[in-house]
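Colleague: Hi, could you walk me through this one? I'd like to go site by site.

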Amino acid sequence: MTQTMAVAKALNESLRKALENDPKVLIMGEDVGKLGGVFRITDGLYKDFGEGRVIDTPLAESGIVGTAIGLALRGYRPVVEIQFDGFVFPAYDQIVTQLAKMHARALGKIKLPVVIRIPYGGGIGAVEHHSESPEALFAHVPGLKVVSPSNSSDAYWMLQQAIECDDPVIFFEPKRRYWDKGEVDVAALPGDLHRAVVAQQGTDVTLAAYGPMVKVCLEAAAAAANEGRSLEVVDLRSLSPIDFDTIEASVRRTGRLVVVHEAPVFYGAGAEIAARITERCFYHLEAPVLRVGGFHAPYPPARLEEEYLPGLDRVLDAVDRALAF
Amino acid sequence: MSVKSTAAGGSPAKSRGRTTTRGTAAKRRAGEPGLVQLLTPEGERVEHPDYAIDLTPEELRGLYRDMVLTRRFDAEAITLQRQGELGLWASLLGQEAAQIGSGRATRPDDYVFPTYREHGVAWTRDVDPLNLLGMFRGVNHGGWDPNENNFQLYTIVIGSQTLHATGYAMGVAKDGADAAVIAYFGDGASSQGDVAEAFTFAAVYNAPVVFFCQNNQWAISEPTEKQSRVPIYQRAAGYGFPGVRVDGNDVLAVLAVTRAALEHARSGQGPMLVEAFTYRMGAHTTTDDPTRYRSDEEREEWASKDPIARLRTYLEREGLADEAFYAEIDTESDALAKRVREGVRNMPNPGTMAIFENVYADGSALVDEERAQFAEYLSSFETGDVETAGTGH
Ligand SMILES: Cc1ncc(C[n+]2csc(CCOP(=O)(O)OP(=O)(O)O)c2C)c(N)n1
Ligand SMILES: [Mg+2]
């Protein structure tokens, strides 16, 4: 049952399957209907499932998430699309003060199975607010789950699992990987949504990444192999919760860890991972945990993004520094 | 204002349906008595009881020139995007009258808060068209000093600027200044919470701000019916200030109505909402494909209401401009296009270290440290030149 498809198509097929499997699943967002979304992730769904299930909403993100909360309270499973990363903030209040906390406030009596899909990250030459990586702002909030697939198979399966999850899930889609093709086995039963996987085995240094940077790390591992270095790549897949066990097991083997993400390093996921891994396996570390990521500066205009985005060279530079300790 | 006025459009059986068809909705609205018009699509001058205008032939020719040059600039930008010189372009095609009319209604001391499509308004504020192209080329996120022409930076996050405009107007009022503020936004933006809050603040503080909505019928793929079940101008009533709908393709009416609205604000009477009823003739942006969601017939219907053609018809019929005038504008258009083309092609890329510039007014040790580390890292490469370091780090 293995098929080759791009990440965007895998997400589309996943949504289609969710709509077919569960009449309570709804899709909501700006331009998700007739247009099929600006990235065409919902292409064809409006036609096949109708405007009762695939809903073009008014242009109001707080409204989209706020009403998704209400629909969830009524027993629906809304999957909402935020058009671009930078446009989630009008909804941030609803997400942080309401969506994340309601289950706890109701002493567990109600569930909020809302999925918020957000295309994120840079690399597509876009204008301001279309290239950001705000995942840490969500992972910091108790009550939210935060995940990000890096390839077609995970795009397909993790979205299914996010929709089935009874907690709110912020589903970050690496937009510059939308067109990357990969194998999807639509019959294979996936493992846990929140487990990390070793995407590439190695012995010298562990690279931990998620979403768009997994590909960069795999390329770095291939380049390093040519120089006789063996890098292990861990695809985190989930940022809240984080599968620290898998990272720890890897670091116990390699003794060195470099965390890579597009988001700014300052207060980023790498900081949390560095702290926890240092606590868990201090005596196995041969070098401090290093981080490669964005700067403490606004995401730059498109003509500078190649310089800004961590690439192969910056990852390998960190590997060199880790090995130099 | 009651909801009745919109529901009254079709037969009961039709209006009970979830959505009316686009054509019916457009016709219903165009025929509405509220629409202020001074120049018909056929180029006939008509009078309106509340909004008079008396322009000299020179002023009329000026408006024509503004619209033609703006359209030419816009067309050039589209071409530059196709050639890869710009990453993106948001065309104003069809909205020239709404933008030139309202922009020309402002005084130098007034302050303008645009969206990302206000190239015609920028023109009237003497912002160099080349400056507008920087962010679309990807060399900066704004690129002009807002205070130079009282024209704020473009705002991409929908609706935000309406609150900034309101706050600015609150400041103008506090200062007792003889000025008004105008906030541009779209039909889609009218759904945003920020816009509702801007209306509330403006009303409560009697702020001298004009909310200028260009209802171009579409928010990317969503028709105005997805945003509002009452005509947008009627929303003002609920907040306690006047709203008016003007034919957005009639530059004379837009000028007259916006002048009156700005004067209303300046004279201490508080905010006003102007809905310019117009049409986005092009794609939402150069990445959009409107054939996926709207019909050619609709576009053709609006093409017959073209803002430039109707003013030209009027000028010609009244003998207000001669052949030399049109020829001169052609020459001017060509020169503008050439200047824009060459200017864009020669626009330098920013140096890599621009990433770290102006993050804080006060400076930051963290930014300085990261900048130094990055410079050191870049200098470890053979090319060495930090300012012009190549791609792919
Ligand atoms: C907060 C926010 N949400 C979504 C977007 C994406 N977006 C850009 S333009 C647009 C439609 C805007 O429609 P309208 O307000 O009618 O202005 P127009 O583009 O027609 O000029 C959308 C949804 C955005 N820029 N900001
Ligand atoms: Mg619009």
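Predicted model: local features only at pLDDT ≥ 70, side-chain atom pairs only at ≥ 80, totals over all residues.

Modeller: Happy to, and what follows is a short tour of a few local sites.

Colleague: Great. Which protein donors does the magnesium ion (ligand 2) have?

Modeller: They are B:D187 (OD), B:N216 (OD1) and B:W218 (O), at 2.1 to 2.2 Å from the ion. Donors here are N, O and S atoms within 2.8 Å of the metal (3.2 Å for Na, K and Ca), and water is not among the atoms, so sites may look incomplete.

Colleague: What spacing do those donors follow along the chain?

Modeller: The pattern is D-x28-N-x1-W. B:D187 sits in the loop between β2 (181-186) and α10 (193-204) of chain B, and B:N216 in the loop between β3 (209-215) and β4 (218-219) of chain B, so to say 29 residues apart and linking distant parts of the chain. Helices (H or I, at least four residues) and strands (E, at least two) are DSSP runs, numbered from the N terminus.

Colleague: And are B:D187 and B:N216 buried or exposed?

Modeller: Both are buried. The cut-offs are under 20% relative accessible area for buried, over 50% for exposed, and partly exposed in between (1.4 Å probe, protein chains only).

Colleague: Switching to helix α16 of chain B, how many residues does it have?

Modeller: It has 15 residues (365-379), and its span from first C-alpha to last is 21 Å, close to the 21 Å expected. That expected span is 1.5 Å times one less than the number of residues.

Colleague: Which residues of α16(B) are buried?

Modeller: B:V367, B:E370, B:F374, B:Y377 and B:L378. Viewed down the axis of α16(B), they fall within an arc of 95°, so they line one face of the helix. The arc is taken from the directions from the helix axis to the C-beta atoms. On the other side, B:A365 and B:E376 are exposed.

Colleague: What does that buried set pack against?

Modeller: Chain A: the buried residues of α16(B) pack against its α11 (305-308) and α12 (312-324). Contact means heavy atoms within 4.5 Å.

Colleague: Where does B:E85 sit, and what is it in contact with?

Modeller: B:E85 is in the loop between α4 (57-82) and α5 (96-105) of chain B. Its relative accessibility is 18%, so B:E85 counts as buried. Beyond neighbours within four places in sequence, the contacts of B:E85 are A:R303, B:L80, B:R137, B:V344 and B:R345.

Colleague: Backbone next. Which peptide bond is cis?

Modeller: One is the bond from A:S240 to A:P241, with omega near 0°. A:P241 lies in the loop between β12 (238-240) and α9 (244-254) of chain A.

Colleague: What about phi of B:N206 and B:N358?

Modeller: Phi is near 50° for B:N206 and near 60° for B:N358. Most residues other than glycine have a negative phi, and most peptide bonds are trans. B:N206 is partly exposed at 37% relative accessibility, while B:N358 is exposed at 74%.

Key. Residues numbered from 1 in each chain as written. Chains lettered and ligands numbered in written order. Heavy atoms only, no water.
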